[in-house]
Structure formats: structure tokens, C-alpha cells
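Here is a friendly tour of one structure, written for someone who likes to know the cut-offs behind the words. Have the viewer open and follow along.

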Amino acid sequence: MKKKLWLASTTVLAGLALGITSVSADTNVSTNSSNMNSTTVATTNNVNTDSSVVSTQVSNSDAAVTSASADTSAQGSNVASEQQTTTVAQSVTATTSQARADWYSGYSTGWQSSRNYDGTYDWTYRKTDGTQASNEWLLINGSWYYFNGPTMAANGWCDAPWYGQYHSYYFDANGHYATNSWHASRNYDGTYDWTYSKADGTQANSEWLWINGAWYYFDGPTMAANGWHDAPWYGQYHSYYFDANGHYETSCWHSTSNGKNQYPTWTYSKADGTQANSEWLWINGAWYYFDGPTMAANGWHDAPWNGQYHSYYFDANGHYVTNCWHSTSNGNNQYPSWTYSKADGTQANSEWLWINGAWYYFDGSTMVANGWHYAPWNGEYREYYFDVNGHCL
């Protein structure tokens, strides 16, 4: 009995052992088969012959096609979106252009005018891009115009830039700038100031110009006229006298009234047109001295001669006199003071003079008279008596 049980147990154990072995073998086979399939698949993948791989490839191809279709669909969507965006942009541009065209329709390109209170007109100009001309030169229909701000420059002088520099130009009523032309402006006293546009249109200013055969000087922007004006010549300034027409004069006298019935003052244009000043001049057979710019006259004036200053008496005509008495009233019914021009025209001063048969003494520049006076004689001072006529008694 025990033997049978042992045999049975042995059989069972052997069976169990074989079962386990079988399972392991099956498992190994299954595993190997899987590995073989994997190998086969891998090999077949390489040679592209396995149906499952082909199926897989077909499936992948379908996926690719599907993906391509998706990409194409997406690309088409993007193209459609871009086309739509372009269409919208073009629509916006067209709308903007239309709006601009509609805006332009209310404004005409070219000249526009506005009437002022005094009946004159201001002119503005709209350029082809629709903007308004302002602070610029424009060539319009073959003529240059300048816009001073938004308004066309006209009816006078206007400063305008040209190649980075500002100059004054004269513009007529039509806005054309003038060249080689005179322009007059009336003053309150009825006189006129004259200005000039040069060949390039710029304004004459502080310069000499040769115009129609005569020299003119512009003292600032205005033509020098009706008197003396300082002007440069080869780097030096001199005074020139210009008549009412702006011509400078030469070898000519000019008088200015002092008013109140006084004597006029006289000045002189020398041969070169410059003003006589602090100098002697021989004019028409007589000597004249100019005390500063004015002709010396009606009394004593200090003047140089050969490097020394002396006093000379000049009459109302500016002639210096010689061997002549001159009196000056002291007022209050007092005796006049007497002075004397010697033979050379110089003034008697602190000296004895024998005049017309009598001795006279000059205490300083004045003849002594009416009493006792000290006077030198042979180096000694003594007291002498002089009568009312200055005679030494």
C-alpha cells in the first residue's frame, strides 16, 4: 500500500515536473516565436516583402496621405486666410484711396486766395500731394514763388533762404521777385527812401553799386542821399556827400542852416568826393581851413601850420585875414575887447606890435587899454599907461 502511494506520489511529482518543463518549453517557444516574428518583421521591413509590413506601410502611407491631406487642408486654409487678408488690405487701401479722393474732391490743387480787409488778397498754394506750400520756394508755371509761412510773398521785401543763407528779395504784386530794379517807399515828410534789387534779386545793402553809369552807395538797405554818409572805400571809411538822386559830389560846397538867422555852416566835398576835415584847402584862389568837418568862419580858430598850431581869424566867408583888428563886445556898455591878425594871419599874443605908427601891447591875446599894465621890455617888466585906444603913452 505504501508502495502504491509512493509510486503515485512519484508519478504526480514527475507529472508536475514534466508540466513545468512543458510550460517552460512552451514559453520559450512562444518567446522564440515572438523573437522570430520580430526578426522576421525586422528583416521583412528591410526587404519590404512581408505582408504585415506592407499592410503597416500601407497604413502608414494612408496616415501620410491623411497627414498630407491635413497639411494641404491647413495650407489651403492659410492661403485662403492670406487671400482674405490681402483682399481686406486691398479693400482698406481702396477705401483709404477713395477716402483721400473724396477728401481731395473738396479741395483743388493750385492757387487759393483770401480777401483782406483793405481789399488786397493773400494767396496760398496747394501742392499735388494735397499739402499746403509753406516757407519754401516753388517753381510754378516757369516762375519762382516764395511762401512766407503759408502766404505767397508779395508787395515788398521779404527775407527768404537760398542754399542755407537768408537774403531779402523784392516781390511784386504777382509774387515775382524783381532784379536790377529800384523800389521807393514814401516817408511821413513826403520824401522817399530808395532800395534796389541786384541782378540775382537780392537786396543791395551796405555796399557801392555801379548802376546806369553812376556810383551809388547803400547805407544799410537804403540808398544814401540828401547829405553826408560814411562809406568804406578800399578798407577805409570816409564821408561822402550824396545829392537827392543818390549821386556823390566832388569839388563842391554844401551848406546847412543853423536856424534863428545865424550863419550857415559849410562843408566841402574834395576832388575824390571825400569830406574836407581838419585841414587847409586851396579853393578857387583862397585858403580855407576846416575845423573838423566845418569850414572855419566868423572868428578865431586854432589851426596847424608846418607842425605848429596858431590862432587865425576867419571872416564870414571863411577867408583868414591879415593885418586886421577884430573887436568883441563885452556887453553892459563896456569897452569892447580888441584882437589883431598879424601879417601872416596869426593872432597877436603877449607881445608888443608897431601898428600904423603906434605901439600896442597884447596881454595874452587882448590889446591892453584904459589904464596901467605891466609889460616886458628888454627882458624887464615895467608898468605902462595905455589910453582907451590902446596907445602906450
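Asn-298 counts as partly exposed, with 39% relative accessibility; here buried means under 20% relative accessible area, exposed over 50%, and partly exposed in between, with a 1.4 Å probe and protein chains only. Before going on, please note that this is a predicted model, in which local features need pLDDT of at least 70 and side-chain atom pairs count only at pLDDT 80 or more, while totals for chains, interfaces and linings use all residues. Residues are numbered from 1 along each chain as its sequence is written, and side-chain values use heavy atoms, with hydrogens and water left out.

Asn-298 sits in the loop between β19 (294–295) and β20 (299–305). Helices (H or I, at least four residues) and strands (E, at least two) are DSSP runs, numbered from the N terminus. The phi angle of Asn-298 is near 60 degrees, a positive value in a residue other than glycine. Asn-323 also has a positive phi, near 50 degrees, and is likewise not a glycine. Its place is the loop between β21 (308–314) and β22, and Asn-323 counts as partly exposed at 48% relative accessibility.

## The chain as a whole

How many helices and strands does the chain have? There are two helices and 28 strands. Of its 393 residues, 27% count as buried. Contact means heavy atoms within 4.5 Å. Among contacts between residues at least 6 apart in sequence, 26% join residues at least 24 apart.

Strand β22 (residues 324–328) holds His-326. Is His-326 buried or exposed? It is buried, because its relative accessible area is 6%. The side chain of His-326 makes a polar contact of 2.7 Å with that of Ser-341. A polar contact is a pair of N or O atoms within 3.5 Å; within protein, one must be able to donate a hydrogen and the other to accept it, and residues adjacent in sequence count only if both atoms are side-chain atoms. Leaving aside residues up to four places away in sequence, His-326 touches Trp-300, Tyr-313, Val-321, Ser-337, Trp-338, Thr-339, Tyr-340 and Ser-341.

Thr-346 lies in the loop between β23 and β24 (351–355). Thr-346 is buried, with a relative accessible area of 6%. A polar contact of 2.6 Å links the side chains of Thr-346 and Asp-344. Beyond four places along the sequence, the residues that Thr-346 touches are His-310, Ser-311, Tyr-312, Tyr-340 and Ser-341.

## Thr-151 and Tyr-166

Thr-151 belongs to strand β5 (residues 151–152), and Tyr-166 to strand β7 (residues 165–171). With residues up to four places away in sequence not counted, Thr-151 touches Asp-122, Trp-123, Thr-124 and Tyr-146, whereas Tyr-166 touches Asp-159, Ala-160 and Pro-161. Thr-151 counts as partly exposed at 24% relative accessibility, while Tyr-166 is exposed at 59%. The table gives one C-alpha to C-alpha distance for each.

| Pair | Separation in sequence | C-alpha to C-alpha distance |
|---|---|---|
| Thr-151 and Tyr-125 | 26 residues | 8.1 Å |
| Tyr-166 and Thr-202 | 36 residues | 9.6 Å |

## Cysteines

A disulfide is a covalent bond between the sulfur atoms of two cysteines. The cut-off used here is a pair of cysteine sulfur atoms within 2.5 Å, and a search of the whole structure finds zero disulfides. Cys-158 is buried, with a relative accessible area of 11%, whereas Cys-324 counts as partly exposed at 27%.

## The largest pocket

On a 1 Å grid over the protein atoms alone, a pocket is an open set of points where a 1.4 Å probe fits, with protein on both sides within 12 Å along at least five of seven lines; lining residues have an atom within 4 Å of a point. The largest pocket has a volume of about 180 Å³, a volume being the space filled by probe spheres set on the points.

Which residues lie nearest the centre of the largest pocket? They are Tyr-335, Pro-336, Trp-338, Ala-369 and Asn-370, out of 11 lining residues. The elements that give two or more residues to this lining are β23 (337–341) and β26 (366–367). By class, the lining has six nonpolar, five polar and no charged residues. Ala, Val, Leu, Ile, Met, Phe, Trp, Tyr, Cys and Pro count as nonpolar, Asp, Glu, Lys and Arg as charged, and the others, Gly among them, as polar.
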